Structures are given as C-alpha cells and as structure tokens.
Amino acid sequence: MKKIIIIGASSGLGMRIATDFARMGWRVGVAARREEPLKALHDLYPAQVAYHTIDVRTVDAVERFNHLIELTDGMDVLLFASGIGFADPELRQSKLIDMLETNVVGFARILAEAYKYFRRTATDGAGQIAAITSVAGTKGIGVAAGYSSSKRFQQTFIDSLEQLAHRQAVDVKFTDIRPGFVRTPLLDTTRSYPMIMSVDYVAPLIEEAILRKRRVAYIDWRWGLLTGAWRLMPQWLWARLPVSL
C-alpha cells in the first residue's frame, strides 16, 4: 500500500486531496494545527487515515512529523500543503512574521526532515517530495511582498534539495506545484480575483501532478502562460506595473 503524508490537511486543498488519496486506497497521514477536521477524516476512513496535530512553526514540529510517519507505517510521498497568504501593502510586522514562520521556516523544517527520511530509507525505493507553492513565486509582488517572497524561497529550496539529492545519490523525486488563485478559506472573500479556480477543479490536477511525478506543475495552463510572460518581463517594467490582489 502506497503511503502519503499531507501537511496542512484540515481544510481546502489539503483536506480534499487527503480524502481523494484515501478513496484511492492509499494509506494517508494527515497533519494540521486543528485536530477536529483530522479526526473527522480518520473517522470516515479509519483503515486508511492516521493523523497528528503539527504546527510547523514550533520546534517540536520535526518530532511530531516523524511520529506521524510512524503512525502511517512509513512515507512514500510528502505533500506540503500548509501556508499563509494575503495582500499586505502596509507590511504589518505581526502578519509578516507569522507568514514567514509558516511559509519559510516551517516549510524548510518539514522538507528538510522529509529529505533526511528518504536518505535514511534509500534501499526501500524512491521517495517523492511535493509542495504547493504558488505562481506568486515567479516575481516579487509589491502588495504581497511577504507572500511572493516566501513562495520564491520555497521554489528555490526545492531546487536546492534536488541538486543535493543528485550529489548524495538519494532516490527522491521533487514536484513543485504552482497554482493560481483557488477559492479556499485562505482567500479574502470580500475581494475578487482573476482566473480564480475551485477546489473541485484544482485538486485532481494536483493529484495528477503527484502521481505522474511532474517536476513543475502550473495549475492551470492559463497561469502557466501568464507566469511565462512574467519571467520574460524586465525588472524595470515589472516594477512599474500596477499589480494588485
């Protein structure tokens, strides 16, 4: 039985993807700060789902992550789906630090431990580390400086781990999943967003990217075209664009 650990599975995409993998017959380990949704998923699929509360911002996150791996009887795939994001042109210190502690420190803490797990268990077969980053990591977005910068960090950290894996001959694949706007509790419901997508539309595309072990997956093709244009844009022009979220 294949085993997947999903960090950030209490709502939105993480919860939907966890449910789908349980229905596929996978053994699924789920984690988040809130216990109630995790327990509810376990109660629906008691033979498939293990759960443990983890706050990726805290120093005991690694210990709790390793315990969840034990509860799940191992790990073939890690999906990091946890994150904080919002527009913050005022650069409020408390909001900025909270976001960076989750999207940067917590992200690096869990992915590094997952990589070391696969390095220790190299003889058991290939592993996979997947993470939901964002198209926002393509360029620095002024009204969401903390968010877009944290997503750039995530993408670069994945690139770095991939190079390290080749250097250390660790059999692990990496999947960087870059969605555009998805209608989840993460978004401010009082605002409108361009090319917004539903969880029902996005989740199967993410699952396909994981199952096919795609290296980078833009969700969806429209966002892939848009971010391709962003990458080609010179910085002097980008800095003058009236980008808003």
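Author: A strand here is a DSSP run of E of at least two residues, and strands are numbered from the N terminus. Residue V30 has its place in such a run, strand β2 (residues 27-32). The model discussed here is predicted.

Reader: What makes V30 a buried residue?

Author: The relative accessible area of V30 is 0%. Buried means under 20%, so V30 is buried.

Reader: Which residues does V30 touch, beyond those up to four places away in sequence?

Author: Contact requires heavy atoms within 4.5 Å. By that test V30 touches I6, A9, A18, L38, L41, V49, A50, Y51, H52 and L68. T184 lies 154 residues from V30 along the chain, and the C-alpha atoms of the two are separated by 18 Å.

Reader: How do you know that β1 and β4 count as paired strands?

Author: Two strands pair if DSSP finds at least two bridges between them. Strand β1 (residues 3-7) and β4 are joined by 4 bridges, therefore they pair. The two strands run parallel. In this pairing I6 stands opposite L79 of β4.

Reader: How many bridges does β4 make with β5?

Author: There are 4 bridges between β4 and strand β5 (residues 127-132), again in the parallel sense. Here L78 stands opposite I129 of β5.

Reader: Which way do the side chains of β4 point?

Author: In strand β4 (residues 77-80), V77 and L79 point one way, while L78 and F80 point the other way. This follows the general rule that side chains in a regular strand alternate between the two faces of the sheet. All four of these β4 residues are buried.

Reader: What is the order of the strands in the sheet?

Author: The 7 strands are arranged as β3-β2-β1-β4-β5-β6-β7 in an open sheet, with parallel pairing. The edge strands are β3 (49-53) and β7 (216-219).

Reader: Why are β3 and β7 called edge strands?

Author: Each of them pairs on one side only. On average, neighbouring strands in the sheet are turned by 15° against each other, direction ignored.

Reader: Where does α4 lie, and at what angle to β4?

Author: Helix α4 lies across β1, β4, β5 and β6 (172-179), and its direction is at about 180° to β4.

Reader: Why is I84 called buried, when its value is 13%?

Author: The cut-off is under 20%, and 13% falls below it, so I84 is buried. I84 sits in the loop between β4 and α4 (93-120).

Reader: Why is the pair F153 and F157 described as stacked?

Author: Rings pair if their centres lie within 6.5 Å, and planes under 30 degrees apart count as stacked. The ring centres of F153 and F157 are 5.6 Å apart and the planes meet at 20°, so both conditions hold and the pair is stacked. The two residues are 4 residues apart in helix α5 (residues 145-168), about one turn of the helix.

Reader: Is F153 buried or partly exposed?

Author: F153 has 30% relative accessibility. Partly exposed covers the range between the buried limit of 20% and the exposed limit of 50%, so F153 counts as partly exposed.

Reader: What makes T227 buried, and which residues is T227 in contact with?

Author: T227 has 0% relative accessibility and therefore counts as buried. The residue is found in helix α7 (residues 221-232). Its contacts, leaving aside neighbours within four places in sequence, are V135, T138 and Y218.

Reader: How do you know that the protein is as compact as a globular protein of its length?

Author: The secondary structure comes to 8 helices and 7 strands. The radius of gyration is 18 Å, and the globule rule gives 18 Å for 245 residues, so the protein is as compact as a globular protein of that length. Buried residues make up 50% of the 245. Of the contacts with a separation of 6 or more, 63% are between residues 24 or more positions apart.

Conventions:
Residues numbered from 1 in each chain as written. Predicted model: local features only at pLDDT ≥ 70, side-chain atom pairs only at ≥ 80, totals over all residues. Heavy atoms only, no water. Buried < 20%, exposed > 50% of the residue type's maximum accessible area, 1.4 Å probe, protein only. Axes fitted to C-alpha atoms, helices over the stretch in contact; angles between N-to-C directions. Rg over C-alpha atoms; globule rule 2.2 N^0.38 Å. Phe/Tyr/Trp six-rings, centres within 6.5 Å; stacked < 30°, edge-to-face > 60°.
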